[in-house]
Amino acid sequence: MPKQLEMLDKAAEEAASIRETLPETEPQPERTAVQPAREVLPGLTPRQDVFAGVVLGAAIGDAMGHPVEFINSVAQIRSKYGPEGVTKFELYWDRDGKRFAPYTDDTQMAECVARALLESGTLDLDAAMQLMAKKFISWSIDPQGGHRGPGNACLNGCEALRNGVHWSKAGGATAGGCGSVMRAYPFGLFFANQPPLAETWAVAHSKLTHRDPIALAASAAMAAGVALLVRGETVTHTTSEMVAAACRYSPATAAMMAQAIGEARAGVGPEVTLDRLRAWAAHEAIAAAVYILERHPDDPRAAILEGANTPGDSDSIATLAGALVGARAGARGLPPEWVRDVERADELLALSLQIRSF
Ligand SMILES: [Mg+2]
């Protein structure tokens with residue numbers, strides 16, 4: 001094992017042993033090893049590369065779509081950023097001596113999901129969801145990096161959780177926005193060896209904030225899709241299984257995905273499909289994601305930019321697309337300047353390397 005990875009593993013073990021000695025109420029120390037991603041990437045095993053590709057691809061997509069999330073036409077995006085629209089990170093922040101392209105609530109919440117699964121470390125669904133609820137509540141009050149356009153359904157779910165409502169009933173019964181599917185990809189990593197569990201756990205986690213069947217279906221499909229892609233399944237098989245997963249919870253969502261896949265294969269352009277699928281709703285978001293995956297399975301740059309240059313919920317579409325194509329490209333296949341510049345690339349990479357699949 002390359003020395004850098006050994007150091008990462010050792011630091012992760014050390015952090016875990018320190019955590020075990022702390023009382024539960026103590027804040028857990030951030031002891032994740034952080035090395036510049038560009039130094040660590042060359043030493044990754046193929047599986048680590050793929051896991052990092054999912055996490056970093058999602059964060060990059062989120063940051064790419066960040067400046068255009070609320071621009072609701074492609075024409076307006078082009079008039080602001082040029083004839084090709086967004087072609088690189090257009091939003092940079094300078095904080096604490098670092099210059100970076102900031103992601104949004106999508107990545108913040110996905111990190112809460114990943115850390116809850118990592119820290120719970122068991123197949124006890126109820127215990128993991130209770131821990132996730134705690135992390136969601138903390139996020140709603142004081143998110144890492146500050147608030148980044150949180151969705152109302154997410155905030156409402158967190159308020160219900162804070163008021164003691166059980167996690168399985170905290171989300172609105174008709175909450176069907178993209179707030180749960182956007183953070184569902186970590187289940188595909190933790191359950192890469194058991195895709196059916198990726199699906200059922202992602203569905204359970206949606207209920208903390210979104211209980212509408214379209215949100216459950218989209219979360220199921222996303223988690224299953226990531227699990228299958230990291231296992232090296234083909235795009236055709238994966239998207240077909242994603243539709244099947246969605247159909248178990250919402251046939252309407254499955255139908256929307258199937259139509260989008262058909263359009264991608266028929267060469268229907270994004271000006272038609274992604275103009276229709278604005279993705280504020282969960283079923284549209286997952287349909288947009290499979291459309292982009294089908295069109296650009298091995299071109300992360302094209303996939304992420306296509307997701308960002310949309311009139312709808314650009315950061316969430318590009319997050320989903322980034323996670324899916326990142327599973328095929330791996331972190332080494334992502335544009336290196338994007339890996340370098342995305343916010344907290346090093347922390348996110350270290351997080352991805354700590355994940356051990358059930
Ligand atoms: Mg967002």
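At what angle do helix H3 and helix H17 pack, and how far apart are their axes? Keep that in mind as you look through these close-ups, which all come from a predicted model.

**View 1. Helix H3 packs with helix H17.** H3 covers residues 46-65 and H17 covers residues 314-329; they pack at an angle of about 155°, with 6 Å between their axes. Angles over 145 degrees count as roughly antiparallel, so that is how H3 and H17 are described relative to each other. Their crossing is right-handed. On the H3 side, the residues making the contact include Val 50, Gly 53, Val 54, Gly 57 and Met 64. H17 brings, among others, Ile 317, Ala 318, Ala 321, Val 325 and Ala 329. Sort the residues of this contact by type and you get 13 nonpolar, eight polar and two charged.

**View 2. Phe 89 sits in a loop but is buried.** Look for Phe 89 in the loop between helix H4 (74-81) and strand E1 (93-95). Phe 89 counts as buried because it has 20 C-beta neighbours inside 10 Å, and the cut-off for buried is 20 or more. What does Phe 89 touch, leaving aside its neighbours within four places in sequence? The contacts are Ala 63, Met 64, Ala 101, Trp 338 and Asp 341. Take Met 64, one of the H3 residues from View 1: in sequence, Phe 89 and Met 64 are 25 residues apart, yet from C-alpha to C-alpha the gap is 5.5 Å.

**View 3. Helix H6 has a set of buried residues.** H6 runs over residues 125-141, which makes 17 residues. From first C-alpha to last, H6 reaches 24 Å, close to the 24 Å expected at 1.5 Å a residue. Its buried residues are Ala 128, Met 129, Leu 131, Met 132, Ala 133, Phe 136, Trp 139 and Ser 140. As you check their spacing, remember that an α-helix has 3.6 residues a turn, so residues three or four places apart point the same way. The cover over the buried residues of H6 includes helices H5 (105-120), H7 (152-162), H8 (167-170) and H10 (195-206).

**View 4. Asp 96 and Arg 344 have positive phi values.** Neither is a glycine: phi is near 50° for Asp 96 and about 55° for Arg 344. Asp 96 lies in the loop between E1 and strand E2 (98-100), while Arg 344 is in the loop between helix H18 (336-341) and helix H19 (345-354). Which one is buried and which is exposed? Asp 96 counts as exposed, with 5 C-beta neighbours inside 10 Å, whereas Arg 344 is buried, with 20 other C-beta atoms within 10 Å.

Methods:
Residues numbered from 1 in each chain as written. Predicted model: local features only at pLDDT ≥ 70, side-chain atom pairs only at ≥ 80, totals over all residues. Axes fitted to C-alpha atoms, helices over the stretch in contact; angles between N-to-C directions. Helix = DSSP H or I, 4+ residues; strand = E, 2+ residues; numbered from the N terminus. Parallel < 35°, antiparallel > 145°, perpendicular 65-115°, else oblique. Left-handed = near helix turned anticlockwise from the far one by under 90°. Contact = placed C-beta atoms within 7 Å. Nonpolar A, V, L, I, M, F, W, Y, C, P; charged D, E, K, R; others polar. Buried ≥ 20, exposed ≤ 12 C-beta atoms within 10 Å, placed from the backbone. Expected span 1.5 Å × (residues − 1).
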